[in-house]
Amino acid sequence: MGINKNKFSFCMLIFLLFLQMYSVLALYEDEIGKHDWTRPFVGRVQHLEFDLPAGTTTKQRSQQLQGGSSSRRLFVATDHNVLAAIGLKSSRIIWRHFLEDAPVNGIKLCDGALFSMSNGLLRSWSTSRGILNYEISVQEQLEAKFAGSLACHEDPDDDRSLVFASTARRLVAVAPLTGALEWAANLDAGSGENHSEVTSFPNPDGLTVVTFDPTAGKMRLHRFGTESGVAKRTATVKAEWLTSLQRCAISVSTLACLDPAGSIRLLSLSSGSDFKPLPPSLAEQLGHAGPWQSVEEIGGQDLFQLTSNSGAVVAMLDASLATGPTGESLPAGSLLRYRGQVRFLLRQQGDGGGGVTLEASSSSSLVASNKISLSFASHHGRVSQLYPVTFVRKGGSYGYRVVMATRDADLHAFDDTGERQWMREESLAGIVSVEAVDLPSADEDELVTPGGSVFSSFAQRLSGQVHHFIHVLQHLMLCWGARPASQADSLGEFGYPDEAPAPPASAASSSGSGAGSLIRDEFNLHKLLVVATKDGKLAALDSATGRSVWRLMIPMPAAAAAAEGTAAKSARTEARIEPLAGGQMPLYIQRTTAHFPLEPMATVLCRDSSTGRPVLFSFNPITGIGIGLAQRLQSRLLQALLVPQPSHDDGQYIRPLMLLSDTLQVTLYPAKTALPHGFKSLNLYTIDRDNRLLQGYRLRLTEQQQQQQMSAISTWRLALHEPILVTAARRPTEQVHSVGRVLGNRHVLYKYLNPNLLAVATLAKDMVTPAPQIGDAFTQITIWLIDTVSGRVVASATHHHSSGPVSLVHSEHWLVYSLWNQKQRRFQLSVWELFAGNGLRDCMNATQPIVGKQSYILPAPVQHLAVSQTERGITAKSVLLALRSGGIMELNKAFLDPRRPFDMTPEFQEEGLMPYHPEVPMSTQAIVNYNQSLHRVEGMVTVPTGLESTSLLFVHGTDLFCTRVQPSKMFDVLKADFDYAFIAAVTIGMIIGSFVTQRLAARKALFRLWS
Amino acid sequence: SCEAAQSAMRNEPTAAAAVPNSASLAAAVGIRRRWAIEFSLLHHRSPASQSRHYDSLSTATAQLAAPAGYMDRPPPLAGGREPDGALISKRGWDAALGPLKQLPMNLFIMWMAGNSVSIFPIMMVLMLFMRPIQAVFAMQATFAQIEGGQACLQRFVYLIGNLAVLALAVYKCHTMGLLPTYESDWLSFVDSPRRTEVSGGGFLL
């Protein structure tokens, strides 16, 4: 019995030990995801392959049985050069790889493995885990830009399959399973090799490869068998009229290309030596005259889909039988095949805005058998690509799935009843600009206008509170009414809201009720992040959860549609909202939420692609409802400036947006606003990347016929003569708490606080350092600090044998930047601090500041720099480094201090300086995103919160991440484990004790008197 | 006779209260003498002989010697009533120079305390401040005790002495860095300059 008991306790001990063996992912495991969230994305889908159990070969099926992965998935390659597997049911990313910075030429599923071709490298990936099986360099020499193509030859009868990968110069045939090179052949691509394009298509007995040299206008055809690399046929075809192979489509025996006029020319791959125009008889049969806009290959048997402005058509185009009426005119659609046989034809109806209708025809009769409508919210724009796939159900019947990419890059999946299964907000992988908006506050401190009399303020406050109360009541009523509706469109899972399609009116109300639940928290830590994506979409993310609160497509300006009428209608497929030059799409918060009865207002500046004219669109950043219509400006803009203060005169509190046109006319947006008083001058500067030129302008007000005219005069011009890499300016809202630094001897070093400084990094050839024995000559990076009011260069410095990537950050009186040291082959972090020579002066007649500089070795490559921002600027600053390894490192600014001494003296010690050490310390605890790696970081935004110690950090790129950053720890908040009960008990006990002892003492004194 | 002396002390509590420390003892000299203790009889007795004496005490009470401080004749009241002028001035100088005499001691203590701002040096500095300030507040009472021809000078010297101690305390504060004498101490009151010229822009749109 005793032995048994011992055994039992021993087993128990072992069990308990195992219980302790959880993997620890962070310092405090319970804090994962508490104050931060991550949303991984892949980007806009460019290539998509389905991995379904419906394999075409028996081999593939057995492979899948061996792998044991019955979960259906789809593989995508995107514009972020990401290769990923996404669960077809769960919509989650199963695995994801970031390939090098070169476009993915194609992906193919062949013989149970996934193949990708990019940068001249053929890679094989395991489908289940995404492990790299092997990698083959198609070409010995790797060049900067590669065209490439990928084809898979699978013979259902023969067990032998081959993967063909080709660049413009070389073709390799590889056995898919082993990666063994079967044969290779050289392709003669012509002289302009670097720009040559290549495309290939498998035919029953091998492969056809077409290379095109746009400089010579020559096309070469190669037909290969599967056995050897000896070409069965080679032909050179002249095609000077062709601009790019992207205007061509290749099929089994025909190459169809579009000439500049939009008509189709065909080339027979088996026998043809020249392009032939489409026979008139066939053209008549097509039903549409063209001009055609695009040609696509579908279905694999010389079936092409032709798209024109008036519609799309599917036709069988066979160049070898060009005289015969072989064109089978079908409505446009997608043919779904299963084991080589057509099972479905999906036809798209409608223009795709807000939803499409698909007619599915079964293979027996190509007459529509059922109709499904795929509907989605209007903010997605139109359908850009449909990826249907068919499969066999358990019962033996055929079914299909449709994965759809919309204009905004979002990815939707529908089943064959038209029900949406999931949606991935891939548009958020293309965020261009971010602005944080405070949520409406529940307390009325900001209701009163400053500067009024006591009574007017009191009256204002009372009316404001009544307004607020009525608003709350209305909101409650609305919530009560909208509750069943809001339950209907409940969220599926985190981050992927399965929103129900709704007409605009109810969408507005539901978004209104959604926004109503967003109320500012006690410390203003909860904000809305309003983002604009490069596809012209606006969205608001909840900073606490990462959920999209509302989404909105920037509408096309209404005036344009009316004015251009039919032209706009015909070019509707082309016209879209796009970012301005250099991918800029600035957002301006013109009225904050602080002026309660007035709704907040934000404005986005973009342009429409058809005219290239700038477009302004205002919206309410809390609810996502547009204010007015989008406005198209008549003239091009040089620059825009949001005036930092609202004008108090009109009671609108709108900060005007100054727009500087290319004719140097200045207009305000909205037009009825007035410029606030109290500024000596309003200045604008422009950076011309192409001409390497910086120009400054000043606003000039002139009176003409009792009307104030606004124009700008050019005040300065600075030609840098070197390519401009990056620039950085201080954030206009930045608060500086202390104007100086206290030294060890208690004197003060005053900061050079010029809010109008601009830091510019330029690249030039290094003339000083001798060139290395191998490789290119060195380059040098020059950093300029320019006063943007006067155009004066305040300071500059050159780093020899250095190159980019450079990232700059400028805050308060300092500047931090990172660059690559070519000679030492390492990344460096440099810091400048500027101190005023004597006292503070106006920037126009200031003396040159004293600039302290120091450089440090950064042991990891860095992509992006940012700095933490707090409300009053009291908290120490942290520099945030987005490392290429995926971490975001928080580095205290004290480590980057040009006054760090080599020889430590007590005075420096008194000041709190650390002795200089060339390497920046990197600790894993400083990585604020612990194990949630963030790739391709495009930008980092820091936002001050109501807590002085805390600032919000939002990182965007391929992944989104938001967390709180506390550079000086949480000095203004009690710790979570603060013992309130104990403190309260002690305090109350002390109070009671003092009362009791007072009583006792009085009694004792009385007794003493009596005695 | 011992008890008698004690009872004599008990009967004169005011005089005992007026002699709290050595400093004010000198000041108390000027007061009319009420009683006196004669210690001379005890001085030449060794402890051994004393025990013998107690032995004999039990047997022969009549032969007892007078107890300590006992005198047959009454205390010389007349001599106290008319104090010596030189003595008054001496006592006056003692009172006046008291604070100055403490100065070296205070200097030493402050040197020992060090310049770190921690609880003990702070307490010491506070004590250093308290004493002269208290003395200045109690100056009327002290000045009342100083009499004689040089009273004015003595009062002045007394004041100077207290001020010197105060100065020492202030200097100590200075060396500890507690005085806002540098511009760094006023830095947080300096407002950051208001932005009058606005500038903004960026890459060409």
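**View 1. One salt bridge is counted between chain A and chain B.** A salt bridge here is a side-chain nitrogen of Lys or Arg within 4 Å of a carboxyl oxygen of Asp or Glu. The side chains of Arg746(A) and Asp185(B) form a salt bridge, at 2.9 Å from N to O. This is a predicted model, in which local features need pLDDT of at least 70 and side-chain atom pairs count only at pLDDT 80 or more, while totals for chains, interfaces and linings use all residues. Residues are numbered from 1 along each chain as its sequence is written, chains are lettered from A in the order in which they are written, and side-chain values use heavy atoms, without hydrogens and water.

**View 2. Chain A meets chain B through 44 residues of chain A and 23 residues of chain B.** Contact means heavy atoms within 4.5 Å. About 3100 Å² is buried between the two chains, and carbon and sulfur atoms give 57% of this area. Buried area is the accessible area (1.4 Å probe) that two parts lose on being put together, summed over both. On the chain A side, Ile687(A), Val739(A) and Arg746(A) lose the most area to chain B, together 19% of what that side buries.

**View 3. Helix 8 (residues 119-137) and helix 10 (residues 151-176) of chain B pack with their axes 9 Å apart, at an angle of about 155°.** Helix 8 of chain B is therefore roughly antiparallel to helix 10 of chain B (an angle over 145 degrees). Axes are lines fitted to C-alpha atoms over the stretch in contact, and angles run from 0 to 180 degrees between N-to-C directions. Helices are DSSP runs (H or I, at least four residues), numbered from the N terminus.

Terms used:
Helices (H or I, at least four residues) and strands (E, at least two) are DSSP runs, numbered from the N terminus. Angles under 35 degrees count as roughly parallel, over 145 as roughly antiparallel, 65 to 115 as roughly perpendicular and the rest as oblique.
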